[in-house]
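Subject: Structure for your review

Dear colleague,

Please find below the structure that I am handing over to you. My findings follow directly after it.

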Amino acid sequence: MRILLIEDEHKIAQALKRGLEQEAYAVDVLYEGIQGMARALRGNYDLLILDRMLPGVADGLEICRAIRKAGLHQPVLVLTAKDATADRVDGLDDGADDYLSKPFSFEELLARIRALLRRPNQTLGTSLKVADLELRPDTFTVQRDGKTIQLSNKEFALLEYFMRNPDRILTKDQIIKHVWDFDADILPNTVEAFVASLRQKVDRPFPQPLLHTVRGFGYKFTTTP
Ligand code: CA
C-alpha cells in the first residue's frame, strides 16, 4: 500500500516514513503544501496523511478539498495540533476521514491507518483471505492451509496489494505505483523477480495456484483464473 505523507516537520516526517516502511508500506514524503497538493492530485495513493499546518497553503485541509473536488476517494488522515471539536468537524466536512492530534503514538497512527485501509465489506477484523490463504496486516503474518509463510517486507507488501485487489488484472505499472515509493528505481523486471519469489513461497507448495500471469497485461490474484 502506498502512502503520501505531507508534513513540513522533517524530523516527524522522516520518523513516520521509517516506521511505516518497517510495516511494509511504501511512503512518499513532501514537506510543502503546493507540491503536496500537486502530488496528491496525481493520485495513485492508497492513503494520504496530511498535516494541517503546512507552508504554501493557508490550511492543509485545502488539499483535502482539492482532491475530493477532483473526484479522488482515497482515505485521508489529518494530523493536527489543534484538537478543538470545531476544528475536527471542519476537517470531516472537508472530506477528511479521520483526525489524529499531535502528539500521538506510532501505534495509534498504525491502528488508524489499518482501519482506513480496511475495505467496507471486510467486517471481520483486519485479516485478508483468499481461498486458504490468510494475511494479517496487524500481526504481519501469512498463513496458507494453516502453515505459516515467511515473507520479506516487500513480498508482504506485494501480497497484500494482490489480496486487496483480487480477481482484477493488475499491470506491472500499477503494482510499482502501489508497492514502491518514488525514490525506488523499479523496473518491470524487478516486479517479475518479486512475483517469482512470492509465487515460490505462496503458491508452489500448494495444489491451487492463486497468482496468475496474464500474458501481455500483468497479473491476476484469483481462485478462478
Ligand atoms: Ca506543520
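Strands β11 and β12 form a hairpin, with three residues between them. In the turn, G216 has a positive phi of about 85 degrees. Please note that this is a predicted model, and the values in this message are computed from it.

Aromatic residues

Four aromatic pairs are found in a search of the whole structure. One of them joins F140 and F156, whose ring centres lie 4.6 Å apart with 40 degrees between the planes, a tilted arrangement. F140 lies in the loop between β7 (133–136) and β8 (141–144), and F156 lies in helix α6, so this pair ties together parts that are 16 residues apart in sequence. F156 is buried, at 3% relative accessibility, whereas F140 is partly exposed, at 26%.

For F162 and Y219, the ring centres are 6.3 Å apart and the planes stand at 85 degrees, so the pair is edge-to-face; the cut-off for that class is over 60 degrees. Because F162 belongs to helix α6 and Y219 to strand β12, the pair ties together parts that are 57 residues apart in sequence. Both F162 and Y219 are buried. Together with F221, these two residues form one aromatic cluster.

Nonpolar cores

The largest nonpolar core has 49 residues, of which I113, L159, F162 and I175 touch the most other members. Helix α6 (residues 153–164) supplies the largest share of this core, seven residues. Leaving aside neighbours within four places in sequence, L159 is in contact with L133, L135, V142, L151, L198, V202 and F221. Another core, of 19 residues, lies apart from the largest one and includes V57, V76, V78 and A96.

The parallel sheet

An open sheet is formed by five strands in the order β2-β1-β3-β4-β5, with parallel pairing. The edges are taken by β2 (26–30) and β5 (98–101); each has a single partner strand, so one side of each is left without a neighbour in the sheet. On average, neighbouring strands of this sheet are turned by 20 degrees against each other, direction ignored. The pairing of β4 (residues 76–80) with β5 runs over four bridges, and T80 stands opposite S101.

Two helices lie across strands of this sheet. Helix α2 (residues 33–42) lies across β1, β2 and β3 and runs at about 160 degrees to β1. Helix α5 (residues 106–117) lies across β1, β3, β4 and β5, at about 175 degrees to β5.

The calcium site

Which residues coordinate the calcium ion? The donors come from D8 (OD), D51 (OD) and M53 (O), at 2.1 to 2.3 Å, and they follow the spacing D-x42-D-x1-M along the chain. D8 lies in the loop between β1 (2–6) and α1 (10–22), while M53 lies in the loop between β3 (47–51) and α3 (61–69), so the pair ties together parts that are 45 residues apart in sequence. D8 is partly exposed, with a relative accessible area of 26%; M53 also counts as partly exposed, at 47%.

Yours sincerely

Notes:
Residues are numbered from 1 along each chain as its sequence is written. This is a predicted model: local features need pLDDT of at least 70, side-chain atom pairs count only at pLDDT 80 or more; totals for chains, interfaces and linings use all residues. Side-chain values use heavy atoms; hydrogens and water are left out. Donors are N, O and S atoms within 2.8 Å of the metal (3.2 Å for Na, K and Ca); water is not among the atoms, so sites may look incomplete. Buried means under 20% relative accessible area, exposed over 50%, partly exposed in between (1.4 Å probe, protein chains only). Two strands pair if DSSP finds at least two bridges between them. A nonpolar core is a set of buried Ala, Val, Leu, Ile, Met, Phe, Trp, Tyr and Cys residues joined through side-chain atoms within 4.5 Å. Contact means heavy atoms within 4.5 Å. Axes are lines fitted to C-alpha atoms, for helices over the stretch in contact, and angles run from 0 to 180 degrees between N-to-C directions. Rings of Phe, Tyr and Trp (its six-membered ring) pair if their centres lie within 6.5 Å; planes under 30 degrees apart count as stacked, over 60 as edge-to-face and the rest as tilted.
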